[in-house]
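Here's a quick tour of an annotated site and its surroundings. Have the structure open while you read.

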Amino acid sequence: MSPKPLSKGHRPRLWIALDVPDAVTAEQWMRTFPEHRHYKVGMELFYQIGPQLLRQWIEEKELAIFLDLKLHDIPRTVAHSITGLERLGVRLTTIHLSGGTKMCEAAQAASRTMDIVGVSVLTSLDDGDLTAVGINGSVVDQLQRLAAIGRQAGLSGVVVSGRELPVITAVWPQARLVVPGIRRREDSPHDQKRVVTANQALSWGATDLVVGRTLLHAENPREIYEEFAALLQGEMLL
Ligand code: C5P
C-alpha cells in the first residue's frame, strides 16, 4: 500500500492530553481552554468515561478527539476495534507499529476517515530500555525499522519523539508526525527521556504537538496555554 499524503493545508495542531482520572476534571480543563477544540484522550480517561461520553463530547461540544489507545493485538481484533472507534467520530488514533505489518495493514484497511498513526518507540524509553526487552540496536535503528512498517502499511504517520523527527522525515517525508514529550526549557521531563521544546519540534517538521503535564501541572495553565498560542500564532490550529 502506498503511504497516505499529508492532507493539503494541514497546519500543526496542538493536542491537549487530558491525562486525568475522571470526566469532571476533564470538563474543568475544557472550561479552562474554552476556545480549544483538539484534545487527546488516553487510556487513563477513556477506561473511566467510556465511549458514550466521548461521543457526546464529539457531537455536542464539537471537539476533535485524538483517542490514544495504542492498540496492539492480532490483526482481526485491531481492525474491528478501529471500525468501532471510527463509529464514535474519533479523528485520530494510535496503534503500536511493533504489532507488525499485517496488523498495521488490517487497521489501515478498516479505517475510512479516521487517521491512524503508529507508535514507534515510546518517548519514555532509551537505548538501555530497548536492550532490556531484547531489542538489538539503538532507538534510531528501531525507529527506522518501525517507520518502514508504518509507511508500507499506508498509515498516516507516526508518534515520535521530537529529537528523532529527522530520522523519520529522512525515510518517510510525507508522514504525519505526532510529537509528545513537549516541554518548555524550564520544565521537568518527568518520566520522559526524549523531550523537546515546541519550537524545536515544529522546526524539525512536527505536524501535531501533544502537550500534557506542561499545561495540566502548571501553576498558571492559562498563561502557559497563551504562551503556546503566541509562540505558534499564525501557523497553529487551536
Ligand atoms: O505529560 P506529557 O506531556 O509528558 O504527556 C505526553 C502524552 O503523550 C501522554 O498522554 C502519553 O500517553 C502520550 N504519549 C507519549 N509517548 C508516546 C505516545 C504517546 O508520551 N510515544
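## A polar pair

The side chains of lysine 70 and aspartate 68 make a polar contact at 2.8 Å (N or O atoms within 3.5 Å, one able to donate a hydrogen and the other to accept it, with sequence-adjacent residues counting only if both atoms are side-chain atoms). Bear in mind that this is a predicted model: local features need pLDDT of at least 70, side-chain atom pairs count only at pLDDT 80 or more, and totals for chains, interfaces and linings use all residues. Residues are numbered from 1 along each chain as its sequence is written, and side-chain values use heavy atoms, leaving out hydrogens and water.

## What the record says

UniProt's unreviewed entry lists Asp68, Lys70 and Asp73 under "active site"; such annotations may be inferred rather than shown by experiment.

## Lysine 70

Lysine 70 belongs to strand S3, residues 64-71 (strands are DSSP E runs of at least two residues, helices H or I runs of at least four, numbered from the N terminus). Beyond four places in sequence, lysine 70 touches Met43, Thr94, Ile95, His96, Val119 and Leu122 (heavy atoms within 4.5 Å). Its relative accessible area is 23%, so lysine 70 counts as partly exposed (between buried, under 20%, and exposed, over 50%; 1.4 Å probe, protein chains only).

## Aspartate 73

Aspartate 73 is in the loop between S3 and helix H3 (75-88). With a relative accessible area of 42%, aspartate 73 is partly exposed. Leaving out neighbours within four places in sequence, aspartate 73 contacts Val78 and Met103.
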